[in-house]
Amino acid sequence: MRLMLTCKRALVGVCLLILVTSMALLAPLIAPHDPGEQNLAARLQPPAWLAGGSLQHPLGTDHLGRDILSRLIYGSRISLLVALIAVAVSGTIGTLLGVAAGYWQGRIDSFIMLLADVQLAFPFILFALAVMAVLGPGLRNVIVVLGITGWVAYGRLLRAEVMSLRAREYVEAVRALGQTDGKIILRHILPNVMPSLIVMASLRVANMIIAESSLTFMGLGVEPHIPTWGSMLADGRAYITSAWWLATFPGLAIMLTVLGVNLVGDWLRTTLDPRLRNTV
């Protein structure tokens with residue numbers, strides 16, 4: 001906390017994340033309207049500070065008369081939920097496979113890295129199309145796609161670090177004392193790769209938010225009746241010249257959230273690495 005208070009970028013990132021998290025947690029209390037409530041008489045109403053705007057809809061309404069602010073607030077729930085669960089799934093898979101490849105090496109390493117190479121050679125969009133075509137769009141399926149496709153970054157990073165740690169003197173010493181492989185990994189390998197894993201996970205949250213918004217924008221993500229930032233962008237692209245607020249505000253929400261995550265992730269990287277700590 002003391003280091004964070006001395007870094008303005010980290011404070012800005014934390015403030016942005018607190019704002020988005022508060023929106024997600026308190027959505028039923030702070031949203032002025034039901035995000036799905038339609039009012040065709042008030043469709044395409046501009047923001048309150050423009051001519052024709054109303055304080056009843058501070059950020060305006062969309063083509064169905066739904067309140068933009070309420071949909072932004074509820075949309076933060078989906079973005080954070082998908083990002084956090086997808087990072088947890090991909091991080092768990094990547095950690096298990098990366099540690100196994102780096103520690104045991106040999107055929108296990110070759111097989112796991114072959115899987116990683118095959119997945120990297122397969123375009124993400126095609127994989128998402130194939131999964132969605134079989135399972136159909138939905139929140140659970142989006143998390144499955146992002147979780148499965150995101151493990152490679154963790155696996156390759158941890159494999160390299162574990163291969164380096166495996167040859168260290170203290171690991172050789174505890175192995176000579178009769179420690180099992182499982183205890184060596186849990187007590188001596190994982191604690192030393194945890195800083196890299198934390199930094200990677202924090203930065204991947206931003207990627208998952210963008211990926212979820214992209215899939216939903218293309219109609220491959222969450223169901224249309226659920227308010228998300230990606231679906232709001234998709235609805236607003238047809239009105240970009242006549243009702244700019246439909247796409248501008250969800251785009252700003254995505255940008256500020258990703259900026260906050262990246263600022264905190266960059267601060268974690270410099271803080272957890274003693275060689276970079278004096279640059280914070």
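Ile125 has a relative accessibility of 36% and therefore counts as partly exposed, a class lying between buried, under 20% relative accessible area, and exposed, over 50% (1.4 Å probe, protein chains only). The model described here is predicted, so local features need pLDDT of at least 70 and side-chain atom pairs count only at pLDDT 80 or more, while totals for chains, interfaces and linings use all residues. Residues are numbered from 1 along each chain as its sequence is written, and side-chain values use heavy atoms, with hydrogens and water left out.

Ile125 belongs to helix α6 (residues 124-135), helices being DSSP runs of H or I with at least four residues, numbered from the N terminus. Together with Phe122, Leu126, Leu129 and Met218, Ile125 makes a nonpolar surface patch of about 440 Å². Such a patch joins nonpolar side chains (Val, Leu, Ile, Met, Phe, Trp, Tyr) within 5 Å, from residues with over 30% relative accessible area and no salt bridge. Areas were computed by the Shrake-Rupley method with a 1.4 Å probe.

Leaving aside residues up to four places away in sequence, Ile68 touches Leu59, Gly60, Thr61, Asp62, Met232, Trp245 and Phe249, where contact means heavy atoms within 4.5 Å.

Charged pairs complete the picture. There are six salt bridges, each a side-chain nitrogen of Lys or Arg within 4 Å of a carboxyl oxygen of Asp or Glu. One of them pairs Arg9 with Asp266 at 3.6 Å, N to O. Because Arg9 lies in helix α2 (residues 8-25) and Asp266 in helix α12 (residues 245-272), this pair ties together parts that are 257 residues apart in sequence. Arg9 is partly exposed at 43%, and Asp266 is partly exposed at 24%.

Asp235 and Arg66 also form a salt bridge, with their closest N and O atoms 3.6 Å apart. Asp235 sits in helix α11 (residues 229-236) and Arg66 in the loop between α3 (27-30) and α4 (68-104), 169 residues apart. Asp235 is partly exposed, at 27%, whereas Arg66 is buried, at 9%.

Conventions. Patch = residues over 30% accessible without salt bridge, like charges linked within 9 Å, V, L, I, M, F, W, Y side chains within 5 Å. Helix = DSSP H or I, 4+ residues; strand = E, 2+ residues; numbered from the N terminus.
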